[in-house]
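Let's take a friendly look at one protein model together. Keep the structure open beside you as you read.

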Amino acid sequence: MSSVFDARRAMSIARKETWHIRRDPVTLIVSLGLPVLLVLFFGFAINFDVKSVDLLVADGDHSRISRELIEVVSASGYFNVRRAASAAAAADALGAEKGKAALIIETGFGRELRAGKPVEAQVLLDGADNSNAGIVSSYLASAEGAVRARLTGASAPPVTLRTRFLFNPELDSHWFVVPGIFVIVVGLISSLLTALTVAREWENGSMEILLSTPVRPLEIIAGKLAPYMALSFAAIMLVYGLARLVFGVPFLGSHLIFALATLLFLAATMSQGLVISVVTRQQQLAFQTAMNTGMMPIQLLSGFIFPIESMPALFQWITMILPARWYMILTRSLFLRAPDFSMLLGPLSALMGLTAVFMLIAWRMFKTDLEP
Amino acid sequence: MNPTIIGFIRKELIQAIRDPRARGMIFVMPVVQLLIFGVALSSEIRNVRLAVSARPDDAFTQRLADRFYASGWFIPVTPGEGDPFDWVRSGRAEAVLVAPPEGAARAMARDKGSYQLLVDSLNSVRARGVETYAQAVLAEHLRDEHLLSGTPTFRFSTRVLYNPTGDTAIFMIPGTLCLMLCLVTIILTSMSMAMERERGTLETLLAAPVAPWEVLLGKTVPYVILGMIDLPLVLIVAVALGVPVRGPLWLIGLSTFIFVCTTVSIGFLVSSYAKDQQQAMLSSFLFVFPSIQLSGVIFPIENMPHALAWIAWFNPLRYFVIVIRHLLLKGGDLGAVLPNLAAMAALGAVALCWAGYRFRQTLN
């Protein structure tokens with residue numbers, strides 16, 4: 001038997017795969033067009049600044065001060081303010097999906113405030129809509145001080161807290177979202193493509209034929225992955241250009257490390273896709289698995305939106321098997337943080353380890369049973 | 001009902017779930033994912049690794065730091081010597097509270113004291129939350145140390161309706177439940193049709209003595225059934241994780257039925273444009289991915305640019321999410337549910353007619 005790996009034979013598999021890709025415009029469009037489209041789409045779509053939230057205001061006080069409070073809140077530009085007849089009407093409107101938040105000012109609000117008594121303006125949030133409730137309550141809490149100063153002219157406290165937002169001083173949503181979203185888009189598409197192409201060979205039976213030739217499994221794996229890696233790498237470069245030019249996200253890290261991280265990430269997601277396709281050997285199942293293990297977990301468990309730090313410890317551990325989690329740290333740091341190489345060693349070696357594990361599994365399953 | 005259809009439906013059902021891996025994908029995966037997302041996800045600010053940089057003799061700051069750590073939002077880290085900025089940059093701390101260099105007490109005596117909070121803002125939403133909490137902790141501390149002139153005169157008292165304790169599962173489950181049902185049904189339908197086409201069995205099927213409408217029914221009804229079987233499964237998970245079911249069950253069933261019919265029609269429509277399975281997958285991906293993003297489950301639709309918010313009106317998933325959230329958490333207000341159901345049904349009807357039309361064209 002010849003050696004386990006021969007670069008020449010791997011190359012010929014790669015050449016064959018390249019022919020497949022060139023013959024099939026769909027693959028090309030998907031791997032180059034789709035990431036760009038999705039990054040543009042979601043770069044513009046996702047915004048965490050509070051904006052045009054439907055706010056119902058029930059002013060039971062009708063004083064100068066209550067009007068001033070309403071004016072401050074409306075002038076923030078975050079809300080579409082509508083009037084409600086009473087506190088009960090406002091709460092009912094939330095129950096009937098006619099608003100997302102309500103501001104309720106009780107009778108006597110202005111009088112008590114002038115008398116120096118502590119007063120409250122009640123805010124009701126629609127807890128059924130988690131995506132809005134969180135940001136609105138956070139906004140209101142941070143606006144409280146300013147509102148208080150405006151309404152009462154309270155004296156400044158003896159010591160204040162000034163916050164410096166490092167790496168994203170304006171808290172620009174794009175800076176937060178764009179480096180994250182292309183992790184998701186590219187990770188998803190690359191694992192999808194491999195899952196599809198390899199599963200297709202199994203389903204058509206051409207994998208058996210390939211395996212009966214002198215080509216070794218490892219060479220098939222490498223040969224099949226290489227063209228897709230090249231394609232996805234090209235897609236990442238396109239996306240990088242978009243992030244810089246269209247969204248104005250700065251890039252402070254080293255491009256060399258970025259390229260290395262990207263290659264490792266691609267290798268990890270592709271070998272993950274390979275495992276899926278070797279296990280399922282059927283397109284429908286491979287697609288379903290790729291969507292289920294790819295789309296939702298990549299988006300929800302990678303730290304993209306929901307911070308990993310806020311998860312229970314067990315789940316923080318679970319997220320470690322997601323290549324996207326590590327690449328997410330790497331891209332965000334490389335874009336915004338100007339990290340030293342030593343800070344990136346952890347995530348980089350995690351990606352390397354995951355790739356090795358996935359590759360090993362895929363190789364093992366390739367080797368041991370050729371009959372599904 | 002005529003036996004041809006029943007036989008056809010039975011064949012489809014057997015074909016869809018005879019493979020144990022496929023059964024797992026249809027029945028187990030949604031349950032597992034729902035469990036994970038319901039327990040793990042939280043947009044709450046927790047476990048902020050906070051370091052404090054102060055002179056060792058600064059007792060005021062020491063007490064303030066203790067209050068930070070006692071609040072439950074912050075956990076202590078001690079990155080050692082060096083520049084606080086570097087602690088954040090290297091990821092050793094997520095935030096650093098930097099005391100006035102001469103000490104808090106002396107700074108206050110000179111009446112221009114100010115703490116600085118360095119916050120890692122790679123996640124801008126979380127950073128804003130950290131700042132809000134930090135301000136709250138400082139205000140509380142000043143109040144307790146009697147350093148504020150008078151009592152605080154104004155505050156917002158915020159109540160989160162339907163989820164007063166801010167329970168993660170209640171926030172996340174109703175929405176993700178909808179995503180699961182959407183994913184399963186669309187993929188199954190579009191792939192099964194494309195598979196017949198790719199393998200050439202569709203021709204056989206059409207040549208067989210079954211009417212075209214029987215084929216259409218036979219290719220859609222089983223997936224509606226599978227989707228409906230998933231409903232009690234995900235509902236049980238939801239209830240087990242403490243999500244209330246405040247609306248009537250029949251209405252939840254009806255809404256899910258309308259939604260599943262809609263997604264199955266869309267799956268069928270998608271497959272009618274696909275020559276093979278690969279194309280069916282890509283086109284269903286092209287449908288499913290944006291629908292999830294524009295569903296309001298992960299990102300608020302209100303904040304999107306008008307053009308996109310407008311596209312979201314054509315997203316059946318968006319209506320289903322509103323309906324299910326309402327029926328689980330709020331109750332059974334028909335006035336709120338019916339318009340959304342109607343919109344969903346209308347989209348479903350359009351998809352079904354369109355799919356039927358495409359299918360007739362295939363036959364000719």
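This is a predicted model. Leu338(B), for instance, lies in helix 14.

| Feature of the helix 7 and helix 10 pair, chain B | Value |
|---|---|
| Residues in each helix | helix 7: 168-199; helix 10: 249-272 |
| Approach of the axes | within 8 Å |
| Crossing angle | roughly 35° |
| Handedness of the crossing | right-handed |

Where do the two helices meet? On the helix 7 side, the residues in contact include Cys178(B), Leu181(B) and Arg197(B), while those of helix 10 include Thr256(B), Phe259(B) and Ser272(B). By class, this contact has 12 nonpolar, 8 polar and 1 charged residues.

Now turn to charged pairs: the whole structure holds 21 salt bridges over all chains. One salt bridge pairs Arg337(A) with Asp120(B), with their closest N and O atoms 2.4 Å apart. This pair joins two chains, because Arg337(A) sits in the loop between helix 13 (323-336) and helix 14 (341-368) of chain A, whereas Asp120(B) belongs to strand 4 (residues 113-120) of chain B.

Key: Residues numbered from 1 in each chain as written. Chains lettered and ligands numbered in written order. Predicted model: local features only at pLDDT ≥ 70, side-chain atom pairs only at ≥ 80, totals over all residues. Heavy atoms only, no water. Axes fitted to C-alpha atoms, helices over the stretch in contact; angles between N-to-C directions. Helix = DSSP H or I, 4+ residues; strand = E, 2+ residues; numbered from the N terminus. Left-handed = near helix turned anticlockwise from the far one by under 90°. Contact = heavy atoms within 4.5 Å. Nonpolar A, V, L, I, M, F, W, Y, C, P; charged D, E, K, R; others polar. Salt bridge = Lys/Arg side-chain N within 4 Å of Asp/Glu carboxyl O.
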